[in-house]
Amino acid sequence: MNPPEEQTKRRVLDWIGLKKEEVVPASSSAEELIERIKQLQQENAELKARKDLQDLDPAEIEALAAETAVSILKTVHVREAEAKAAASELLESSAKKATAALTSAEKRLADASAVADKTILDAQKAATDTIESATKKAASLVAEAEASAKQIRATLDAEGQQIRTE
């Protein structure tokens, strides 16, 4: 192995927590190394969780605060996206319901208007028929009254003539 490759390998081994005295078996595969990295990350997270905040130096506190802020921001973004999706769905549903209600109201209004128009036309026809019937009856009664009056006048004239002649 040439020195740059050894240095690179040593950096990786140092990074995953193997000391110089510890030798990596030649049979270590990439999967085993990845598994070791995951195990070390888990241990690191557990150690961070156990460490008292008073023991942290300012850089560690800043890093922890940054991690927390990023985590909170991710959560906020996820919740915001969920809220926007829910609001959008609610608006769409409300718009559909409003459109359906408006369509239904317009149909009922059209139906009621048609019934009202028909009722008005029927009432106008009935009124016209009643007026025509009353007019005809009144004309008939007037004609009868005039005929009766003429007959009475003729009878009275005849009686008046008879009385004069007598």
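Analyst: The confidence score pLDDT is the predictor's confidence in each residue, on a scale from 0 to 100. The protein averages a pLDDT of 83, and 81% of the residues score at least 70. This is a predicted model, in which local features need pLDDT of at least 70 and side-chain atom pairs count only at pLDDT 80 or more, while totals for chains, interfaces and linings use all residues. Residues are numbered from 1 along each chain as its sequence is written, and side-chain values use heavy atoms, with hydrogens and water left out.

The setting comes before the bridges. The protein has 3 helices and 0 strands, where helices (H or I, at least four residues) and strands (E, at least two) are DSSP runs numbered from the N terminus. Mean pLDDT is lowest among the elements in helix 1 (residues 3-15), at 68, and highest in helix 3 (residues 58-165), at 91. Of the 166 residues, 4% count as buried; buried means under 20% relative accessible area, exposed over 50%, and partly exposed in between (1.4 Å probe, protein chains only).

Side chains of opposite charge can pair when their charged atoms come close. A salt bridge is counted when a side-chain nitrogen of Lys or Arg lies within 4 Å of a carboxyl oxygen of Asp or Glu.

One joins Lys96 and Glu92, with N to O at 3.6 Å. Both residues belong to helix 3 and sit 4 residues apart, about one turn of the helix. Lys96 is exposed because its relative accessibility is 56%, whereas Glu92, at 46%, is partly exposed.

Another links Lys107 with Asp111, whose closest N and O atoms are 3.3 Å apart.

Asp122 and Lys118 are 4 residues apart in helix 3, so about one helical turn separates them. Lys118 counts as exposed at 52% relative accessibility, and Asp122 as partly exposed at 41%.
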